[in-house]
Amino acid sequence: MIKRLNVYEAVQWRLKQIFENFDYVYVSFSGGKDSGVLLNLCVDYIRRNLPGRRLGVFHMDYEAQYSQTTEYVKRRLAQDSDILDVYHCCVPFKVTTCTSMHQAFWRPWETSKKDAWVRDMPDGCYTSKDFEFFNDELWDYDFQTSFQRWLRLKKDCQRICCLIGIRTQESFNRWRTIHSDKNYRRFGSLKWTHCIGLRAYNAYPIYDWKTSDIWTANGRFGWDYNRLYDLYYQAGIPIGRQRVASPFISQALSSLAMYKVIDPDTWGKMVSRVNGVNFAGIYGKTLAMGWKSIKCPDGFSWKQYMEFLLKTLPAEIRDNYLDKLRVSIRFWRERGGCLSDNTIKKLRDRNIPISIGAPSTYHTNKRPVRMEYLEDIDIPEFREIPTYKRMCICILKNDHACKYMGFALTKRERELRNRVMNKYRSITYD
């Protein structure tokens with residue numbers, strides 16, 4: 001009979017595969033519970049099985065965070081110094097913010113805003129001057145990719161692997177990262193790995209862990225962890241919603257006000273650091289920021305309401321939303337979005353004109369459906385259908401990237417990103 005491994009035994013096998021096949025390995029450490037456990041797993045594995053081997057730790061410092069997180073990161077990075085190479089990065093890359101109608105991104109550690117920094121820059125950290133690939137167009141997620149290439153050259157290694165503590169329980173997007181049929185650029189047959197460049201991989205060793213596994217490991221092995229989670233628990237925040245992330249992204253707005261209770265000193269500095277933080281903290285759970293079901297004002301259609309909202313925005317922000325709307329309208333007219341047969345039936349039952357395209361080239365059983373934008377539609381699959389109400393929600397949520405509409409990067413954004421990436425790829429690898 002084949003023994004079924006528990007999650008701890010499975011991660012030991014995965015770490016064995018990683019350390020045997022990559023000559024440099026580092027952990028992406030945010031200060032959260034998942035990356036903290038992953039770091040502890042790797043340190044324990046090296047001490048038991050690979051004496052003399054070193055482990056990299058990559059920490060992107062976003063400046064504005066709970067003081068408990070800052071203390072934990074400082075405390076944890078000081079531990080196990082005999083085997084850790086620490087890359088504590090304080091870089092003014094672009095970071096998405098959904099707190100403001102006027103500001104689509106902010107920059108941690110921006111030199112021109114030094115007087116308003118939430119805290120002092122830590123000693124011995126890496127800054128933009130340490131990375132020749134850095135420029136003002138670089139977003140935080142681009143920095144992670146470029147950092148890996150930079151580190152591979154710095155370490156002069158053949159294969160490099162970044163270990164990331166994501167779990168599929170957290171979201172559907174994380175589940176797709178592991179299980180999607182599009183993940184064909186894996187290392188060998190290891191589905192929990194992904195190639196992101198020349199002999200450079202990301203790996204997700206704890207992808208199948210549950211939240212309960214994380215806390216069981218901390219308790220059983222006596223590992224240090226971010227004490228912010230104790231305060232979350234005392235504040236009544238459910239375990240599944242206790243996350244450490246950039247406070248200004250859309251997923252964090254509903255709990256932004258907790259800073260006022262848990263860490264009032266940091267909150268006071270954040271209010272003057274990023275536009276709209278105080279308003280988002282007050283109204284993050286209300287209709288004012290589009291988090292709940294919203295109603296179209298009397299005398300307006302949803303399209304008219306959208307046009308009204310757009311008129312209240314600065315020209316640059318308004319043009320951004322209009323560009324995305326034009327792209328979306330053209331997409332649904334010419335190409336069509338993939339919908340299930342059940343959703344297609346609901347559209348037909350409501351006599352909505354649609355056109356079913358040929359079988360999709362996407363890796364899905366859904367079929368491409370071409371249609372015009374609707375005002376609104378009352379079905380559970382609301383977020384899959386193109387409506388002006390969805391655009392209104394994006395505007396009210398300050399969702400400048402229109403992720404609620406299912407948008408990825410625009411052509412212009414991709415060009416800017418590719419320009420940065422190609423500049424660094426031009427370096428000749430040995």
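This is a predicted model: local features need pLDDT of at least 70, side-chain atom pairs count only at pLDDT 80 or more; totals for chains, interfaces and linings use all residues.

**Notes on the structure**

1. Ser81 counts as exposed because its relative accessibility is 51%; exposed means over 50% relative accessible area, buried under 20%, and partly exposed in between (1.4 Å probe, protein chains only). Ser81 sits in the loop that joins helix H3 (67–78) and strand E3 (84–89). Helices (H or I, at least four residues) and strands (E, at least two) are DSSP runs, numbered from the N terminus.

2. Residues are numbered from 1 along each chain as its sequence is written, and side-chain values use heavy atoms, with hydrogens and water left out.

3. Leu55 also belongs to the largest nonpolar core, which has 67 residues; Leu55, Tyr87, Cys89, Phe131, Phe143, Phe147 and Leu163 have the most contacts inside it. Such a core is a set of buried Ala, Val, Leu, Ile, Met, Phe, Trp, Tyr and Cys residues joined through side-chain atoms within 4.5 Å. Helix H2 gives the most to this core, eight residues. A second, separate core has 35 residues, including Leu325, Met371, Cys392 and Tyr404.

4. Which residues does Phe147 touch, leaving out those up to four places away in sequence? They are Tyr26, Phe58, Tyr87, Cys89, Phe131 and Phe133, where contact means heavy atoms within 4.5 Å.

5. Helix H14 (residues 388–396) is largely enclosed by the rest of the structure, because nine of its nine residues are buried. Among these buried residues are Lys389 and Arg390, along with Cys392. Helix H11 (302–311) and helix H12 (315–335) are included in what covers them. Asn398, which follows H14, has a positive phi, near 55°.

6. The structure holds one cavity of 30 Å³ or more. A cavity is a set of points on a 1 Å grid over the protein atoms alone where a 1.4 Å probe fits but cannot get out, and lining residues have an atom within 4 Å of a point. The largest cavity contains about 40 Å³ of space. Its lining divides into four nonpolar, five polar and two charged residues. Helix H2 (residues 33–49) supplies the largest share of that lining, four residues. Lining residues of the largest cavity include Tyr72, Asn218 and Asp224.

Conventions:
On a 1 Å grid over the protein atoms alone, a cavity is a set of points where a 1.4 Å probe fits but cannot get out, and a pocket is an open set with protein on both sides within 12 Å along at least five of seven lines; lining residues have an atom within 4 Å of a point. Grid points are joined across faces, edges and corners, and a volume is the space filled by probe spheres set on the points. Ala, Val, Leu, Ile, Met, Phe, Trp, Tyr, Cys and Pro count as nonpolar, Asp, Glu, Lys and Arg as charged, and the others, Gly among them, as polar.
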